[in-house]
Amino acid sequence: MFIRRFSKLLVTNATLGNRINLSYCHKALVDTLKIYQESKNFLCSGLLRNNFSTSAMVNTESAVRYLEIPDKSESDKKHYKTLLLSNGIRALLVSDPTPVPHCGLTSSSSSSSYDSTGDSCAEESSSTSSEDEESMSTSTTDNGETDSDLESEEGDEKLAACALLVDVGSFTEPPEYQGLAHFLEHMIFMGSEKFPAENAFDAHIKKCGGFDNAHTEFEETCFYFEVSEEHLDSSMDYFSALLKAPLMKKEAMTRERDAVESEFQQIVHDDEVRRDQLVAAYATPGYPHATFPWGNLKTLKEGISDDELHAKLHEFQKRHYSAHRMCVCVQARLPIDELEQMVVKHFSGIPSNELPGIDLSPYNYQDAFRKEFFEEVIFIKPIENICKLELTWILPSMIKQYKTKPDQFISHLVGYEGEGSLCAYLRKRLWALELTAGIDESGFESNTIYSSFVIGIFLTDRGFQHLDEVLAACFAFVKLFADCGPFQDAYTELQKIEATNFRFESQRPALDNVEKLAVKLKYYPPKDILTGTELYYEYNEEHIQEVVRHLNEFKFNIMITSQHKYEGITYDKKEKWFGTEYTTIGMPQKWRDLWNDSKPIAELFLPKPNRFISTDFRLHWEENGKPEIPVTPKKILQTDICELWFRQDDKFLLPEAYMYFYFVSPLLRKDPKNDALCALYERLIKFRLCEELYPATVAGLSYQFYTAEKGIILKVNGYNEKLHLLVGIITKAMVSMRDHITEDQFNIFKTDQKKSYFNSLIKPRTLNKDIRLSLVEHIRWPIITKYKSVDSLTLNDVLNFSDAYTSELYLQTLMQGNLTEESAHNVMNSVLTTLNCRNIKETKYIENRTVQLPQGSHFIRCRALNDQDVNTVICNFYQIGPCSLRLESILDLLMMFVEEPLFDTLRTKEQLGYYVSASVRMNYGIIGYSIAVNSQETKFSAAHVDERIEVFRGKMLQILEEMSAEDFDHVRESLIKIKQVVDISLAEEVSHHWEEITSEEYVFDRRRREIDVLRALTKQDIIDFCLNNERTNLRKLSVQVIGNKDAVRAKRSPTRGEENSNEHNRSSSSSGNGSDSEVDDEELFNALASKLDVRFIPKDGDATTIVDIKDFKENLHVYPITKTKLENATERTPMEIIEEC
């Protein structure tokens, strides 16, 4: 897999729902110095100096200099303007020309208020949290209409967004204050001179139905928010005040420092983060990447007085948060001149000190890491049960080569998974299951000093046993590129694919767009801001060969992360911040010989021409004369084995389509063994197809094939011309497993499946959610139960399951986009012919039902399964009852009222933990809400956290009662605005339709109905409901996964008084001589895995404590199949609602 991801380091503040982590492709510093010099000249003279062409820069007023307008995609209808403000800020304005609604109602709304992928009918949540649990990638599209078309239609609500990037990050922080840049990012939010309340900005944003966040990278810090368009001006006032004159009071600092520690504790067991910090330990002393960017109490408290830290924070802010080192991007449906006035008004007042940032020119990529990094092999003991081989080359910075992108091109070739690839070679031998290649776009691996090119191979146990052969194949493949140039044909094919992707580029949500563009504004000249990361401008053989030459030098690091021990090594060292256990050995001579004596392997060759590349981009709706299309999907087929919903796109007008299938089976809920077998069946099919279908993913098509509650979901999307080919290939594989799967393949994936379950169970939040849903859902197998069933599975079991699964199914299907009804029928008929399935006989196993929790409070507690994890996760769930639109609207509004006070109280003031969330929960038509906190057992007990949650809940009524009528109306209107936000992409629209189909509710106009209900709700309605529910219908379930308090003793970080050197600390508990008494870690791991169990903690004499899920559920009432009540229930009293529940 070619790496195209961006790892946002150090994200802080509250989040509203799950947000995508955008992929910022390799940055480019082209023209940055030129623009900076222009900024200085402009500030000094106050006059326009026309150093650009007349068309590129026009002087209209002395306070603003206009830069060249960026090139854009033909499908992009937005208007752009690039500015240089008088204080040096570079600004990009994005004006969305879609019309603003007149009545405020969405014309084609089809989404629910829940933040969900639409795949799981079991639970969707409208979450407001201080940290994302998951990050979901969602592609988005533009509407593709002409300006005249846009003017003739009524629009929908959209959110406005603003991002500000500061050209400073962890590279700049003083070595004696590691984590200072990240800590400052936290502190910026804590009030301003103009708005001194500590939570003023966040409170304003939440009140206006918005979201704000920030992240710190190695060379920049980015702040961003989104809000209803009508509140953009006021929100920019609050936002810019934080940058003009932040308060950063000492009292707030001492509390927020605990939040940084809590954030650190939540990532301390992340193997990827631990890996990066260990690599940083090999940085050459004095180089800026030799830092601990997260920060914790060790670096920000021990040996530092509060006065000293407070002074250093203000000093760092004044020195580096200067206007001339900032970039701003704003997007809204406002005239571009109006956006310009806002930006000038709010951001021109940010002070500029004219001081330069850190000078990185003295640092050379060739000296960025100590020689030991290339001469030693690093062996790491992971937290999860993974086995990974990594080869890392240090290349020069690729920033200036964004037009030719040689690193990305070579990444594409090395990470290719089709025929002739290294990945396919290793998979055929069952030595590896996944391969990634390239330069990760995090600041640690791609920056101004160097680039890290990494080949990462996820090995099987067999692959670890054949490590020498794996390395030999890697070496042969890398050396292949030195012998097979030039690469003109392969480059041209990729260039055309990316040009097509840009031509039909999808529209992103405004927040994601401005956040991405703020970074690009820093690294690209104005003309290339939109194209810089997307296009392969020109072929340059010299640039490609430079990368190839670096890869063909025997100067790279080998790192092996595994529970297995290579040739009896002992993990006798510990990384000083994360406590990562590892060891090193000199580069074995046999591996040097493998490199020097490497010979070509006939099975390894460059990719062949891609047969999946699309050339037909006609739009069916336009060719058919632009007929009127219903705004919601229509059912065009219904039988006892399938339903097919269809909608031809008439809105986004791109040559793309989506085909979603849910292969529903009764088998999974019959037995946990079947659930585990389905997971194996799914993975074996994907394994069989990955080589054949990888070229399709390069050509702009994509597919997902994964297990859900009642069977497997298949999603294919992309350019519609060849999309049906993917569906046919995958469904044929579903019915032909016996012809292709071997005993060896089964055994490899059986082991891997057990590892996957294990890795889920040791994550406290995943375990907490699994326990809660296992209690609430009528039939759900806990992960631990499926984990225990894996050992007994055989190849014959999975083959028999494949026959049984495909013989009796019900298919829920949605096809939407640039398709015709005839083509949808053809694809459906082909699928049904291939499957040749019968209707389901035992329908009780596909019914979605929920357990009614008993009245009162009940608790279920267990220890975190990782005995080194101090994190405690408490989720208090309050079940209400059958959902109606009114009840759903009441809870949505209630969560919005309490969101900011909850965050301010439990996270900011009481510092219970970095993660705090309030969510509406829907379990198969039964609604409730939850409050969750991720704390640390070393700080607070689970009982204390539960108590503080209940104290806050006791104040919720007070919050409502003290709220003015004006504030109530304001918040309610903000929620209405959120529900009126239009689907800005076909992907979003399809997701919302799919959610309605898989939940079997089919309320495609849900948002419009919710808005009608919301408009009629009063503050007294909310208060009465809360009072009556608390008195007569309290059904609380507190799920507590408790951290291990003693774990911190085993992984103590060094104090500030200890030597801050790059020599590695030896573990006091390890013996350096590898004595015979030492037991292999893999054996210990296997022993632990075989005994792994979730044991619930009893409490003597307390009937409210649950110690057995099955026993607890046995005599509880099970709700019948429940759908959301749609009638407008405005006349029903709160007591009537409660009595019904």
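**Close-up views of a predicted model**

The protein chain has an average pLDDT of 87, and 85% of the residues reach at least 70; pLDDT is the predictor's confidence in each residue, from 0 to 100. Residues 103-155 have a pLDDT below 50, with 203 contacts in the model beyond near neighbours in sequence; contact means heavy atoms within 4.5 Å. Residues 1049-1081 also stay under 50, and the model has 59 contacts for them beyond four places in sequence. The model is predicted: local features need pLDDT of at least 70 and side-chain atom pairs count only at pLDDT 80 or more, while totals for chains, interfaces and linings use all residues. Residues are numbered from 1 along each chain as its sequence is written, and side-chain values use heavy atoms, with hydrogens and water left out.

View 1. Strands are DSSP runs (E, at least two residues), as are helices (H or I, at least four), and both are numbered from the N terminus. Two strands pair if DSSP finds at least two bridges between them. Strands of a sheet pair through backbone hydrogen bonds, either parallel or antiparallel.

**View 2. Strand 19 and its pairing with strand 18 and strand 23.** Strand 18 and strand 19 pair in the antiparallel sense over four bridges. They form a hairpin, with three residues between them. Glutamine 638 has glutamate 643 in strand 19 as its bridge partner. Strand 19 (residues 642-648) pairs with strand 23 (residues 810-817) in the parallel sense, over seven bridges. Here tryptophan 645 stands opposite leucine 814 in strand 23.

**View 3. Helix 3 against helix 9.** The axes of helix 3 (residues 180-188) and helix 9 (residues 306-320) come within 10 Å and cross at roughly 85°. Axes are lines fitted to C-alpha atoms, for helices over the stretch in contact, and angles run from 0 to 180 degrees between N-to-C directions. Helix 3 and helix 9 are therefore roughly perpendicular to each other. Angles under 35 degrees count as roughly parallel, over 145 as roughly antiparallel, 65 to 115 as roughly perpendicular and the rest as oblique. Leu180, Ala181, Phe183, Leu184, Met187 and Ile188 in helix 3 meet Leu309, Lys312, Leu313, Phe316 and Gln317 in helix 9. The contact has nine nonpolar residues, one polar and one charged. Ala, Val, Leu, Ile, Met, Phe, Trp, Tyr, Cys and Pro count as nonpolar, Asp, Glu, Lys and Arg as charged, and the others, Gly among them, as polar.

**View 4. Helix 21 against helix 23.** Helix 21 (residues 672-698) packs on helix 23 (residues 743-761) at an angle of about 120°, with axes 10 Å apart. The two helices are therefore oblique to each other. Residues of helix 21 in the contact include Leu680, Arg683 and Phe687. Among those of helix 23 are Phe746, Phe749 and Tyr757. By class, the contact has eight nonpolar, three polar and four charged residues.
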